[in-house]
Each structure stands twice: as structure tokens, then as C-alpha cells.
Amino acid sequence: MEEKVIDENKQGEALVLEAKEGNARKLYIESYGCQMNFSDSEIVASILAEQGFNTTQQMEEADLVLVNTCSIRDKAEQTVRKRLEKYNAVKKINPKMKVGVLGCMAERLKSKFLEEEKIVDMVVGPDAYKDLPNLLKEVEEGRDAVNVILSKDETYGDISPVRLGGNGVTAFVSITRGCDNMCTFCVVPFTRGRERSRDPKSIIEEVNDLAAKGYKEITLLGQNVDSYLWYGGGLKKDFKNATEMQKATATNFAQLLELVAQAQPKMRIRFSTSNPQDMTEDVLHSMAKYDNICNYIHLPVQSGSTRILKEMNRQHTREEYFELIDTVKRIIPDCGISQDMITGFPTETEEDHQDTLSLMEYVKYDFGFMFMYSERPGTMAARKLEDNIPEEVKKRRLTEIVDLQQKHSAYRTQEFVGKTVEVLIEKESRKSDAQWSGRTQQNTVAVFPKEHYKVGDFVMVKIEDCTSATLIGKAVGYSKVNN
Ligand code: SAH
Ligand code: F3S
């Protein structure tokens, strides 16, 4: 296993939505990378539905093929390049088909795409999707179209996304876009621009709408959810000064969580991603206060070495991270915690690597996403530091952390054996059509015999056995949430 990707089964899958009557054109859209990209593709599909497009899973019959791309590691970009070759082959059979590149790779390569990749007709960055109708017109008139302007305020708050190919149970709702953290290895601040927060009113409206449609779980999405901040406005004359006014009218992430939890007490609330330097105790208290906010935090650390963390421009030390973990466990004893980790960052020594292993030993994460450092053009690390750790060393260190994570995952799933936990049923188990698959609050997958239960039910499951990634059990009744 080289690396784990979130929701890997969905990567590159063509997305489908309910056909809109009267729409004659066909859109084929596939997405790569993070959950935000998948969520953005839903926004794109909504915008294009208004332009007469219905989705198709047959690329051969498409009028428009779109690919929402990821630039986070070189490998992600290589995958997209291979897909572009495939589109090219299809275009030879269906010359009227137009091809557009969306997302981070579009933003990173801009018009270079049109010069290098002859088959691309349209290049659209993550903040320019509302311009798609105009860009399409350009393309139809035979011109190439590019819009990669990044925005300081676009949040797509006014677009209600069509849900694509989902299970009808879980959905993503984006709350911030962009990132201001400038971790030195990361391309996101360049491809997704400055951080901005979405109006809580539009977030709650979307959540309420999802609840009305029968959804049972939502994940609030942002590159760094903890820095969510919305100023509610107000009248200046009622406050001492501007700072006082901002303080009094602001909604921070802990408050937003509570608003969402209160709006839909029967819905499970998750969020991703948290950043150790921005996570506050308030967030933990909000989680503890509401049963429907899941006891789970994705808390990437990237390295266990204070020196490397500093080189990465992460604003905390190894010790401060331990303190945060202790605080999480004190306030939410049964909290699931997962990590992201990078091996072979420039200058990483064996000692730094040992620090990473010992940090993992301290936390014993439930699971994790581990990657070899991939130099990204334009980032501070690429400019200032030589990518000097040999590939074999990166690989060996990666194997060591993946193996250790495997051990800890097994330890964590074992802890569930004998307990009865609440599981939200999402789908049929991949291994057996007689079993349901769902997740615990801690985000661990659980499978159990279907009996009379159905997708979308909250059930109590007695865990009898486990693998390192999956809990195996038997339903013992509905959860109280179900009533
Ligand atoms: N805050 C974001 C992080 C996005 S990138 C979030 O919402 O998850 C996801 C993960 O990719 C990072 O946490 C990091 O572990 C990894 N990553 C980012 N840049 C990388 C690079 N240049 N090489 C290898 N891994 C990288
Ligand atoms: Fe990237 Fe760091 Fe932001 S990993 S997305 S710059 S928090």
C-alpha cells in the first residue's frame, strides 16, 4: 500500500444526477482529489443543469466532458494527464465533444493547459464556476476559454448543489474555501486562494434542505474548518468601536457547529479538516455538549518532529500537539482521531522520522492518510529547500509509518469488541449482499446482517469481531435517534 486516499472508490467515477426534463445536452463529469472537489462538482452540475445539461455515465455520448482535478501531489496530476489521453481518444470518435479542466490543476497550469494539451477547450479555476455559461458560449463559438481568477469572497453560498451519485444518507456542505495557512509543502493556498467563510444562514438552509430530503449525516467541509469566522454585521453606533462590533456579531466555528447541531438534532454532524494550530477548546466543548456532533476529529499533524514542523510552517511543536491530544481525550474520552502524515520532507533525518513514529505511538490514531513528500512548483518548500530525501528512503519510512498505523488501527478496532455502538447504515457491504455497512460516530466502518433494517437507519450494533479497518457485529435494535 503506497498511500491511502479518502473515498478511493469514488475517485474518477462519473457522477450522475436525476435528469431534468427538457434538458437535451449531455455532461460527463468526473472528480479527483479531496472532498471539496466532489462538493464543487455538485455545484458545477447545478450551474450546468440550468444550461440544458443532464449527466451521463457514457463518455462517448457526451457533449461536454469535465474533469475536476487535484494538484496536491505529482501523482494526482499524472492521473489526470492519463485521463486527458483517454478523452482525446474518445474525441476522435465524437469530434463535437468539448473538454474542460476544472479545479486545482486548472488553476495551477492556467492557459499553459491549452498550449500543452491540445484537446482541452476550457480551463476553469475553482472560483470561476459561475462563469461557466459564458465560457461555454466561447467554446461553442470555436474559441478556447479560460477563467482562473481567484476570488476573495466567492463561496457559492447562493447555489444549492444537486447531490451527485450519493447514497442519499450522507452529504458534504462546504463552509470555507481557500486557505491562509501557507504550509510550505502545500499548493492549496495557490490553487484555491485566500480563505473565506460562508454565511451561516446559507449553511443552515442547505442543512435543513438536506434533512428535508432525508439525509442523515452531513460533513462540514473546509481546508481548515477551525478558522471559520463570519461577521454578522450590525450597526456601528451600537458598539464602542469596530473591533467590539466584530466580536459581538461574529460566528466562529464552535458557534457554527452548535447552530447546525441545534437546527437538526437528529442529524449527525461531522467536519473536516481540523488544524492543530487553530483548533480551540470551545470546539471540543461544543462537540461534548451535543450528542449529534460526532466524536471524531481528523487532525493532520504531518510530522512528529518539532524541527520539521517548523520547516513546514506548521505553527505548533510536538509537545503542543500532545497537549491538544490530551485535552481532546479529557473533554471527549471516546473521541476517534485520525492523521495525515508526510514522510521524506526535505532535510528529514532518521531522528525526525523516529519522532514521527513515537508521536504516533503516543496518539495511537484510529486511522490515517500517509504520503511521501512530493515537491510542488511554486511552494515555499520548492523554492527554499532541495527535495533531498532519496525515493527509497521516503518509501521505506512510509512503509514503516503505514505498518505502525495498521497496528494502531487494529488496536483501536479491537477496543470496540464487546461494546454496543450506534451505526448509521449507508449502503450494502462490499463483501456481502446480506450485510449492511455503516459508520460509528468515530468514523470506523461497521458491517452486520441486514435483517429488517434499511439504509438511513440508526441502529445499535453489538461488535463481536474486527479486522484492522472494520468492525463486525450484529444489530440489537434501533438507536433512540431513529424515533
Ligand atoms: N487542510 C487540508 C489539507 C489538504 S491536503 C485538508 O482539508 O485536508 C491533504 C493532505 O495532503 C495534507 O494534510 C498532507 O498530508 C498531504 N499533502 C499536501 N501537500 C503535500 C505534498 N506536497 N506532498 C505530499 N503530501 C502532501
Ligand atoms: Fe495546505 Fe496547510 Fe492549508 S496543508 S490546505 S496550507 S492548512
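Student: How does α12 pass α13, in a left-handed or a right-handed crossing?

Tutor: Start with the convention: a crossing is left-handed if the near helix is turned anticlockwise from the far one by less than a right angle, and right-handed if clockwise. In this case α12 passes α13 in a right-handed crossing. Keep in mind that this is a predicted model, where local features need pLDDT of at least 70, side-chain atom pairs count only at pLDDT 80 or more, and totals for chains, interfaces and linings use all residues. Residues are numbered from 1 along each chain as its sequence is written, chains are lettered from A and ligands numbered from 1 in the order in which they are written, and side-chain values use heavy atoms, with hydrogens and water left out.

Student: At what angle do the axes of α12 and α13 cross?

Tutor: Two packed helices are described by the angle between their axes and the distance between the axes. Axes here are lines fitted to C-alpha atoms, for helices over the stretch in contact, with angles running from 0 to 180 degrees between N-to-C directions. Helices are DSSP runs (H or I, at least four residues), as are strands (E, at least two), numbered from the N terminus. For α12 (residues 318-331) and α13 (residues 350-363), the axes come within 11 Å and cross at roughly 15 degrees. The two are therefore roughly parallel to each other (under 35 degrees; over 145 is roughly antiparallel, 65 to 115 roughly perpendicular and the rest oblique).

Student: Which residues make the contact?

Tutor: Contact means heavy atoms within 4.5 Å. From α12 you get R318, Y321, F322, I325 and D326, and from α13 D355, S358, L359, Y362 and V363. They divide into six nonpolar, one polar and three charged. The classes go like this: Ala, Val, Leu, Ile, Met, Phe, Trp, Tyr, Cys and Pro are nonpolar, Asp, Glu, Lys and Arg charged, and the others, Gly among them, polar.

Student: What about α7 and α9: what is their angle?

Tutor: Helix α7 (residues 200-212) packs on α9 at about 30 degrees, with the axes 10 Å apart. So they count as roughly parallel to each other, and the crossing of α7 past α9 is right-handed. P200, I203, I204, V207 and N208 of α7 meet L256, L259, V260 and A263 of α9. By class, that's eight nonpolar, one polar and no charged residues.

Student: How close do the axes of α9 and α10 come?

Tutor: Within 8 Å, for α9 (residues 253-263) and α10 (residues 281-289), crossing at roughly 15 degrees. That makes α9 roughly parallel to α10. On the α9 side the contact uses F253, A254, L257 and E258, and on the α10 side D282, V283, S286, M287 and K289.

Student: How many aromatic pairs does the whole structure have?

Tutor: Rings of Phe, Tyr and Trp (its six-membered ring) pair if their centres lie within 6.5 Å; planes under 30 degrees apart are stacked, over 60 edge-to-face and the rest tilted. A search finds seven pairs. Take F253 and F271: centres 5.3 Å apart and planes at 75 degrees, so the pair is edge-to-face. F253 lies in α9 and F271 in strand β13 (residues 268-272), so the pair ties together parts 18 residues apart in sequence.

Student: Which peptide bond is cis?

Tutor: The one from S272 to T273, with omega near 10 degrees. T273 sits in the loop between β13 and α10.
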